[in-house]
Amino acid sequence: MSTSNLSNIVSQLQTPSPLSPQKITSLLTSAKRELLTLNVLIPTPTTPSPILVLARQTLETGALLSIRLQQPDAFTRYYQQLLPFYEMPESSYGTDTNNSQRSKVTGLYLLLLLTKGDYAAFHTVLEGLEVEQAGEGKGLEGDEFISYPVKLERWLMEGSYDRVWGATKREGVPSEEFGAFSEVQLGQVLIGTIRDEIASCSEKAYPSLPIANAKNLLFLESEGSVVEFAQARGWVAKDGRIYFPQQQEDMRTEKDILVASGQVIENTIGYSRSLENIV
């Protein structure tokens with residue numbers, strides 16, 4: 001069973017010289033064909049260690065290049081194909097147990113889940129890693145690739161948007177792949193989170209708002225976008241205004257409205273500073 005063709009393809013993909021996206025895609029397609037020919041897309045206990053190592057290396061290379069090419073769906077497919085390899089005992093890989101890029105690939109997958117707002121899947125993956133590491137007497141704190149998305153998720157939950165945004169800058173990421181898409185994708189997450197915060201405060205502060213005012217308040221690009229956003233939240237848009245749920249309005253006192261209005265103003269000013277850096 002010759003692996004020379006696949007080894008040659010992987011070497012080309014890992015060359016320091018930059019390759020065009022078309023060339024990378026062509027080489028990755030050829031690599032997948034070789035994996036099929038070698039019958040190693042799904043590892044088995046009888047797969048020879050050298051072939052197992054090469055197959056894992058091929059898929060990890062494809063995953064990392066997919067991130068650099070801004071192809072999250074392709075990256076997700078590579079990650080899913082890698083899971084059976086990561087579940088194999090380390091002894092299956094012979095003496096080559098330190099060259100896996102599992103931490104980096106898994107950390108990137110956690111970051112991708114974070115940018116999609118899929119917190120349930122994020123914590124499912126994380127809990128699986130914690131159980132595995134605990135069984136080996138290890139922890140995740142010292143793993144820079146795993147701890148990076150974990151910190152971001154905690155800061156997002158705390159509302160520490162400035163810390164999140166600072167960590168997504170190129171100098172704050174643990175590797176080039178993390179910087180390739182985290183700044184743009186997480187920026188969109190931040191904008192969405194900030195918008196929801198302002199919307200929640202607005203519901204408490206006002207019975208209604210002119211659509212033009214809501215557009216500026218919510219950092220939306222058009223009045224049509226305001227109407228779509230309003231409908232998604234169950235608000236009523238008519239006669240050029242946005243009307244918030246009446247049952248909440250009836251329970252508000254004048255003091256509540258003044259406090260909430262002040263909160264909207266204060267939060268909008270603070271969020272605007274964050275958005276100046278994001279946009």
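## Charges over aromatic rings

In this predicted model, R56 lies over the face of Y93, at 4.1 Å from the ring centre. A second contact of this kind involves K238, which lies over the face of Y243 at 5.7 Å from the ring centre.

## Aromatic pairs

The count of aromatic pairs comes to five. In one of them, the ring centres of Y79 and Y109 are 3.9 Å apart and the planes meet at 15°; the pair is therefore stacked, as the angle is under 30 degrees. Because Y79 belongs to helix 4 (residues 72–86) and Y109 to helix 5, this pair ties together parts that are 30 residues apart in sequence. Y79 and Y109 are both buried.

F145 and F178 also form a stacked pair, with 5.9 Å from centre to centre and 10° between the planes. This pair links distant parts of the chain, F145 being in helix 7 (residues 144–158) and F178 in helix 9 (residues 176–205), 33 residues apart. Both F145 and F178 are buried. Ring pairs join F145, Y148 and F178 into a cluster.

## Helix 5

Helix 5 covers residues 102–115, and at 1.5 Å a residue its 14 residues should span 20 Å; the end C-alpha atoms are 20 Å apart, in agreement with that expectation.

Of these 14 residues, 12 are buried, so helix 5 is largely enclosed by the rest of the structure. Among the buried residues are K104, T106 and T115, as well as Y109. After helix 5 comes G117, which has a positive phi, near 75°.

Terms used: Residues numbered from 1 in each chain as written. Predicted model: local features only at pLDDT ≥ 70, side-chain atom pairs only at ≥ 80, totals over all residues. Heavy atoms only, no water. Helix = DSSP H or I, 4+ residues; strand = E, 2+ residues; numbered from the N terminus. Expected span 1.5 Å × (residues − 1). Buried < 20%, exposed > 50% of the residue type's maximum accessible area, 1.4 Å probe, protein only. Phe/Tyr/Trp six-rings, centres within 6.5 Å; stacked < 30°, edge-to-face > 60°. Lys NZ or Arg CZ within 6 Å of the ring centre and 35° of its normal.
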